[in-house]
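Good morning, and thank you for making time for this short walk through one model.

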Amino acid sequence: MAVPKIILFYAFAPLADPDAVRLWQRDLCASLGLRGRILISKHGINATVGGELRDVKRYVRTTREYAPFRDIDVKWSEGIGDDFPRLSVRVRDELVSFGAPHEVAVDESGVVGGGTRVSPEQLHELVAEKDVTFFDGRNRIEAEIGHFENAVIPDVSTTREFVAELDSGRYDHLKNSPIVTYCTGGIRCEVLSSLMIARGFSEVYQLDGGIVRYGERYGDSGLWKGSLYVFDERLSMDFTDDAAVVGRCFVCEAPSKTTVNCRDLSCRVQMVACGEHASVAACPEHREALEIVRGASGESGEHSSTR
């Protein structure tokens, strides 16, 4: 029986010819029947791909044969089959789209000027020693279904909004406090921590390996609460069967870890919804318009009061 697996990894390393790497990665994945998303820039690679276990293993072995990617830290998780609709391999200006490529410098050791890396075990030691502030490096919707206890969760819908958020002054009171940044697999915090340090935050750490590595080590018995938002057909994953449900339906506040898109096809806003309200999900901007359409088409108005 085929065993579907999903892997997540990144590597910050100077690449002289990103497009050549793109063609190689595209052809490698295609030959193995793998699908997913791979971003490449002059600063390295960021990849999430899935397929049958044996094919994914071959992909990892071959990718590690390329010197700049020799030490990639690959995070594995169980797939469900057809986890990605297609294979996408692209070259971008940034591996993570903060909209600040001119602020990021990379050498053979990784991002220059980033935060101090801490392992999951070191994180617990740090929390025992200092009054740290967790700073979520993901988009708001990701944090709604899972986050570290008492974390600061910036109100951002895209990664590009982080720079303006940091420059807004909202977090200036934290500049002399120990801060631990965290994200899914660690890549966003490589850049985010460097942006924070450049703006005067004096003691910045980054959770090495991200939430994925922390969950592998502590499951749901540590400081993490809830489900992990993932960018494939699973939508979310739990580390154990004991995962708390911290998300709340945008309509009725019922506990839920399900994220859905706004029903307006032109809108990319996501929200948490329970089973009852998932089919009527609409962001504040489009709720009224969708209600008018529903009324004109004669659809049932049973949910009209929840819009």
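Let me begin with Asn150, which is exposed, with a relative accessible area of 75%; here exposed means over 50% relative accessible area, buried means under 20%, and partly exposed is what lies in between, with a 1.4 Å probe and protein chains only. Before I go on, this is a predicted model, in which local features need pLDDT of at least 70 and side-chain atom pairs count only at pLDDT 80 or more, whereas totals for chains, interfaces and linings use all residues. Residues are numbered from 1 along each chain as its sequence is written, and side-chain values use heavy atoms, with hydrogens and water left out.

Asn150 sits in the loop between strand 10 (146-148) and helix 5 (162-167), where helices (H or I, at least four residues) and strands (E, at least two) are DSSP runs numbered from the N terminus. The phi of Asn150 is near 60°, a positive value in a residue other than glycine. Most residues other than glycine have a negative phi. A second case is Glu253, in the loop between strand 15 (236-237) and strand 16 (259-261), which has a positive phi of about 70° although it is not a glycine.

The loop between strand 10 and helix 5 also holds Thr159, and this residue is buried, with a relative accessible area of 13%. Which residues is Thr159 in contact with, leaving aside its neighbours within four places in sequence? They are Val96, Ser97, Phe98, Asn139 and Arg188, contact meaning heavy atoms within 4.5 Å.

Moving on into helix 5, we find Leu166, buried at a relative accessible area of 4%. If we do not count residues up to four places away in sequence, Leu166 touches Phe135, Leu192, Leu195, Met196 and Arg199. Apart from neighbours within four places in sequence, Arg199 is in contact with Glu103, Val163, Leu166, Asp167 and Lys175.

Now for the way helices pack. Helix 1 (residues 18-32) and helix 2 (residues 53-64) pack at an angle of about 155°, with their axes 10 Å apart; axes are lines fitted to C-alpha atoms, for helices over the stretch in contact, and angles run from 0 to 180 degrees between N-to-C directions. That angle makes helix 1 roughly antiparallel to helix 2, since angles under 35 degrees count as roughly parallel, over 145 as roughly antiparallel, 65 to 115 as roughly perpendicular and the rest as oblique. The contact is made by Trp24, Gln25, Leu28, Cys29 and Leu32 of helix 1, together with Asp55, Arg58, Tyr59, Thr62 and Thr63 of helix 2. By class, this contact has 5 nonpolar, 3 polar and 2 charged residues, where Ala, Val, Leu, Ile, Met, Phe, Trp, Tyr, Cys and Pro count as nonpolar, Asp, Glu, Lys and Arg as charged, and the others, Gly among them, as polar.

In a second pair, helix 3 (residues 120-129) and helix 7 pack at an angle of about 85°, with their axes 9 Å apart, and that makes helix 3 roughly perpendicular to helix 7. Here Pro120, Glu121, Leu123 and His124 in helix 3 meet Arg213, Tyr214, Arg217 and Tyr218 in helix 7, and the residues of this contact divide into 4 nonpolar, 1 polar and 3 charged. Helix 7 spans residues 210-218, and its buried residues are Gly210, Ile211, Val212, Tyr214, Gly215 and Tyr218. Just after helix 7, Gly219 takes a positive phi of about 60°.

Helix 3 also holds Leu126, which counts as buried at 7% relative accessibility and touches Val132, Val180 and Tyr205, not counting residues up to four places away in sequence.

I will finish with the cysteines. How many disulfides does the structure hold? There are 0 disulfides, a disulfide being a pair of cysteine sulfur atoms within 2.5 Å. Cys252 is in no disulfide, and the nearest cysteine sulfur, that of Cys274, is 3.7 Å away. Cys252 counts as partly exposed at 37% relative accessibility, whereas Cys262 is buried, with a relative accessible area of 5%.
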